[in-house]
Structure formats: C-alpha cells, structure tokens
Amino acid sequence: MTKPLTDPARSSATSATPTVLPVATRRSEIWSIKRFVTPAVVLVVLVVLYLWLASLSLDSIESRTLNADYIIARVREHLGLSVVASALVAALAIPTGVLLSRTPSRAIKAVVLGAANVGQATPAVGVIILLAIIWQTGYLTALVALVIYSFLPVLRNTMIGLQQVDESVRESAFGMGMTRNQVLLRIELPLAVPVILAGLRTSLVFCVGVATIATFINAGGLGDMIVNGLKLQRYPVLVTGAVLVACIALLIDWIAATAEDVLRPRGT
Amino acid sequence: MNLDLNGLFKFWSRRWDDILELLGEHLAVVSLSLLIALVLGVGVGMLVWNKPMSRSVVIAAAGVALTIPSLALLALLLPIFGLGWIPTVIALVMYSLLPIVRNTVVGLREVPPAIMESALGMGMTPFTVLLRVQLPMAWPIIITGVRVAAQVTIGVAAIAAYVAGPGLGQFIFQGLSSLGSKNALNFALTGTLGVVVLALLVDAAFVAITRITTSRGLRA
Amino acid sequence: MPKAPNTALIQISGKTSGALIELNNVTKQYPNQPVAAVENFSMTVQPGELIMFVGPSGCGKTTTMKMINRIIEPTSGSISIDGRDVLSLNPSELRRHIGYVIQQIGLFPHMTIAENIAVVPKLLGWTKEKTSDRVQELLTTVGLEPGDFAHRYPKQLSGGQQQRVGVARALAADPPVMLMDEPFGATDPITREKLQAEFLRLQASLGKTIIFVTHDFDEAVRLGDRIAVLSNRSQIEQFDTPANILTNPANEYVSSFIGRGTAIKRLVLVPVTAAKLGPASAATRTTSFVQTTDSLRDALDALVLTGASALAVRDEENRIVGSINMEAISAVLGVEVPLLARTTEN
C-alpha cells in the first residue's frame, strides 16, 4: 500500500505550471489591436463630420470658412503653436530640471516645487490675456504664454522623475565606480524617462488646448473657427472647429502615449 | 506697461463687492459640479471596478472628455444647452469624471485580498463588502481624485465665462474686451489672481477635508 | 430587514458547540488545470472535534477547507453540517454561522478592534448591548484588556495581538463550526507557542467543531484530536489520532512527513505520570526536576540537559512524588500502544 514518493505520474501532476512559457515580445505588446482604437475612432468621427458638412447647403459666410484652404491654414497655425511651444518647453525645462535636481539645497527644490503648484493653480486664459494686455497681442505672445505656463509642470516632473529613482540603484551604480555624469546619463535619466515623458505628454495636450484660447489674442488657430461660429451664430462652423480641435488633441495624446510606451526602457 | 499698484488697490476697494460675488459664484459652480461628479463618478466606479471590459471603456471615455480642449467642449454643448450655468456645470462635471472614476476604481481594487476574503468569509454580502469595507478604505484615494478634479475645474470655469458662465472668468474677459483702457489690466489681473487664490485655498481645504473624513485607523 | 427564518440555519445556529460535518466525494476542478485541486474527498467530523489538515503547500488542504463555507465552490460532491446541505443555503448567511480565521488575518483597518469583533453580531441583528457585552467578554478571553484595546485600531497592535483579535472576531457570534487556515502562521515561534497553548485551553471549554489547516506537523500533533495527512489533490493518506499516526504511519509518505525523531515526537503527547516512576530517593539531583503536568518530552529534555541519571518529579504542591529516568521513558514508548491512544473524551 505504500506509494513511492518518486512516482513520476505524481510529480507531473503536482506541478501547476508546465515548462517555461514563451514571453511575448515587446513589439507585439505595444502594437496590439487595442492600440489602434483611438486613431480608428478619430477617423470615424472625421468621416462623419465630413459627410455631415457635405450634406449641408452652406451660405456664403460658411463657405468662406468651411473650405480646405481655410481649415488647413488654421490647423497649421494651431499645430505650429502647440508643437513649437512644447519643443521649447522640453528644451528649456528638462535640462533645468536636471540641473536643479543636482543641487544639494533642499530649499531651492522646495521653492521650485512650491512655485510649480502655484503655477498649476493659475488659469491659462488669465496668463494669456494678461500677457496680451501688458505686452501685445499675436502669435508670439501666445507662444511665450504657452511656454511660461507649461514650463513649471515639465520642470516638476523632471525633478520628481529623477528623485524617485530607487536610492539603492543609485548607490550600486556609484559603488561600481561610475562618475556622477555617468550615473546621470546611464542610470537616472533612463529610469526617469517614464515620468518625464508623462509630463511632456500632459504639456503637449495642454498646449493644444490652450492654443485654442489663443484666438482671443489674435494668434490664429482653430479657436478662430469656434469663436467666429459663435459670434456669427453659424453652428456648422462652430461644430467643425470644435470637433477638429478635439480630434487633434486626441491624436496628439495618442501619439505621445505610444511614444511613452516605445521609449520606456525595457524592464521598467 | 508698468503696474500701477495704487490704481489696482483703488480698483479693488471700489469693486470689492463685485469681486466677492464673482468669487462666490466661481466657488459655487465648482462645488456643485464636484458634488455631481462625485456621486456619478463613485457610482460608476462601484459598478465597473471588477469588470475589466466595462472598466477600460469607462475610463477611456472619461479620459477623452479630459483631453478635449475646454473651449471646444463648451462650444459643442452650446447648441444644445445654450449659455450660462448649465453648459458650464455639464462641462465641469465631464472634466471631473476621469480623476474621480479612475481613483475610485484604483482605490476599490487596492483593498488587500486578505481583507476581502475575511469580509466575505464572515458572511458579508458582496454589496455590503463594497459599501462597508472597500469604500471606506478607498476613500483617501477617492478624495485625492476630487482634489485633482477641483484644480482642473477651477481653471476651466474661468474659460467658461466666455459662454456667459459664472465666476471670476468674467473679470478676465472683461479685461480682454476693454483692451487699451486703463482698467483692462486691473480686470484681468484681479480675475487671474482671484482664481489663483481660490485654487490654493480650495487645495488647502482638501487637506483638512481628507483628514476629517478618513478613519483614524487608515491615516498614515 | 426581517425575513422568514431559514430553518436550516436556525438548526445550525441553535448550537454553539459541536456540529457534525460530513464531506462526501467533494471535488474541485479548476477549468484550465489538467488535474483536480481536490479529488473525491470524503470525511466525517464528529461534533466537538478539532481536526488538523496537514500537508505540503499546494496539496489542496486549504481549498478543501474553504469549500465548507463556500468561499470556494465545489465542482461536485456534497457537504453538510448537522445534516443540512451546505450547498442549498445562502452563502452569506451560511458564513455568519461559521467562524473563519485566515493566515493574513484580514482585520478591517478602518474599524476599531471593537467594531471589527462586532461585525458578525451586527450582521445577525444583535442588540447593541448584547454586542458590546460580547466584545468585552471575547477580548478578555483572548487575553486583551478590553479597556485598553477595544478602541484601538489594528495598525496599533502587534502581530500576535492582531492574531488574537482575529480569533476573537471569529468567535463573536459563537458559531458551532470554525475554519482556521494557518491562523498562527504569521507569528514568531514564541508567540505561536503561547497562542497554541491558549487555543487549546479555549477549545477545551468551548468544544466547537474545528477544521484547522497547517503545514507544521508538530503543531498538528500538539493541537489536534485527529489529523488528516493530505497529499496532492487533497488525498487522505491517513486520518487518525496523533498518537496512532506517530506509532503506525500508514505509508512512506506519512513517514516522511513525520520526519525523523518520531519517538521523541510521540513523547510530547504523554504526561510524566504515564511512566512508571521510581522511588523519590533514586533522584540523583533534586535541584532540577520535572512537574507531573509536564510531558515525557520535557522530562527527556531535562535529563539530557542535566546529564543526571534520574530526576525528581514534583506535583503541583511541589512535593516530590517520585523519580524518572531514561528506562522509564523508553518503557512507555516501546510497549503498550493502548497507553498512547488519546481518547476523544478528553
């Protein structure tokens, strides 16, 4: 009646998991079907918009706005403002964040982070309009306002991203003999990338949103269509402007999110 | 242009009742929206927290609302809801939903399995567990979501003034429309500063609210 | 919410001690697994018994236990408590009449200790007075001063204290059945021993039917009335009293589970008084001694430690009643098996 412990049938039955499972490649994980839902939805919305517009008979005011040239010009202005502002912010805020995170002074860091919080509490529309009153209206003002406004959040994310790198990882890097710069470039920055990118992504989407308001200070962009549509009570114009800017915002968010996943270091 | 502080103070002393009224309106419209969003958001969160498919859809939908630029959203609501309080509240609620729903879902899911199991094992029905165990434990996270939503909506409410929404945004836009006049800066500055002060005060209030409403056993 | 009383439950809940538990060919098969987690498990547990389920991790002992209160639903087979089919009852109501203690305890962090213990009484609709009396009573029973502990929060308690609250909470509604999954597992060995001793005392006065899961065979020997040694798919290799298992392991599996030093393990179960004591004068040292309440294991321990050839045995009033040596101890082990069989009337 003794059951030998080394019964092979028994031992295979005890293991709940079979042999090593194949690990899905990063590529296939990033580019799954779910990934393409957003662009697909945006595409559908745009097609519906187009069909709807085509079915309307437009009066002279509307046809002046709802044509390819006008729309493309506005989109270009809008993207120009958003992308340039974000690029400037990235180029300015990230290095500053790196430098600031190196200072041993806690006071400076606290002040900066505190200022970022106050900055967060400031309404973008207020900053833009204030700047226009103090200085001048136009594209440049809008650009400066956007950069000022997005600077602090990206700066804060850079500092936090570097700060949250595991202390023991840093310590072992130094322990292996890496110099300060090497630790920064090879360990800290790569590990901080997800947080920094998240900050950039928010800043980018935000710029698209605020660029809409730039219309108030004659900086152009799709906000023009919305405001014109409102002032002239032409709902097709208003709706088109709003839908287009919403689609751009969603697409840019999607691109940034995908970039986040692609650029994230393996293993994090 | 130089800042005329004296002029600014005179401006404030003359219009302090207007300023207070707008401050009150701003706070009121934000509070109302947050309350509605809290009820809706937590309710939806309680429905989908353990259903992966619905959960992703709901969170994605709420995320879309947050990504759409506020002026565009307000403009889209206009043809249906007109101007004033109603489209403003609707827009603010839509913006608040993502932080609240997402935090509700995360908070409910983070309750340790051992506690879930002992609650069920003691004979609580799943709904009782949700109400008496998960929700109280998730509360700090949910309140943080409301706090984030508050910051967002205070800013959006300022823009809503363009579609005749209530609050300090009205001062900001008045500054814009009176561009060139000597009071333009005062209007815009007052409106902007008012929003900043309101946002900081509300954030500080949330720290207190969180403390008071969280069970002592949960506080770190 | 007054509902028509469920007679099945009243029958179970009417008792506060010992219910008969019957498992019949219970199987649990998870859909994506090639083999069942629990296969055709059958067992009858007598009222008032403390049954230990022992086995290696993953053998299904916890799964089996969790099917009794339907935290895990059986795929097939039947389970009944005092003749009532568990599967026909409302699960939530069933569980309010079964005490449930798990390894990670699971105290609700947002409730005070008193509120934690009061959960099931509240679910059953007890009055506030009855509930708070019960809370005080239970805290005292598990050794925690009510005045001190009732209003504290779980995070303010040590691991051992939390464990006691977990047990108190399970006892709150005085259920006839208790299910315990490694309840003392997460504590240090010293605390665990204390808890085990107190638990034995508690069970002696309460007489509940208890299923106790552990992977620690020594704990099983110490606590259980009967032990079920389980292997994969929750197969019962041997189901018997600790003494019988130690003396006559059914197969190699059980033997390997017992491990080495079987003889010494058996000594734990036997009191000093079971051995034939020699005359008091034979004790070579009187400074070291054993009590009549000690086990033979303690006696052996002392003999080895002191190197004495015989030790004095004292009773509770500290009078020397005899002496004990190695021969006497071996004699107990070698010969009479009936001497070792623990009767369930204890």
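Me: What covers the buried residues of helix 3 of chain B?

Reply: This is a predicted model: local features need pLDDT of at least 70, side-chain atom pairs count only at pLDDT 80 or more, and totals for chains, interfaces and linings use all residues. Residues are numbered from 1 along each chain as its sequence is written, while chains are lettered from A and ligands numbered from 1 in the order in which they are written. Helices are DSSP runs (H or I, at least four residues), numbered from the N terminus. The cover includes, from chain B, helix 4 (85-109) and helix 6, and from chain A, helix 10 (180-213), helix 11 (223-231) and helix 12 (235-263).

Me: Which residues of helix 3 of chain B are buried?

Reply: A residue is buried if 20 or more other C-beta atoms, placed from the backbone, lie within 10 Å of its own. In helix 3 of chain B, that holds for S70(B), L71(B), A72(B), L73(B), L74(B), A75(B), L76(B) and L77(B).

Me: How far does helix 3 of chain B reach from its first C-alpha to its last?

Reply: Helix 3 covers residues 70-81, 12 residues in total. The expected span is 1.5 Å times one less than the number of residues.

Me: Which residue takes a positive phi just after helix 3 of chain B?

Reply: Look just past the end of helix 3 of chain B. The phi there is about 75 degrees, and the residue is G82(B).

Me: Which residues is L146(A) in contact with, leaving aside its neighbours within four places in sequence?

Reply: Two residues are in contact if their C-beta atoms, placed from the backbone, lie within 7 Å. For L146(A), the partners are L81(A), A85(A), C207(A), V210(A) and A211(A).

Me: How many helices are there in chain A?

Reply: Chain A has 268 residues, of which 35% count as buried. The chain has zero strands.

Me: What share of the residues of chain B count as buried?

Reply: Chain B has eight helices and zero strands. Its C-alpha trace spans about 70 × 40 × 25 Å along its principal axes. Of its 220 residues, the buried share is 47%.

Definitions and conventions:
Helices (H or I, at least four residues) and strands (E, at least two) are DSSP runs, numbered from the N terminus. A residue is buried if 20 or more other C-beta atoms lie within 10 Å of its own, exposed if 12 or fewer, and partly exposed in between; C-beta atoms are placed from the backbone.
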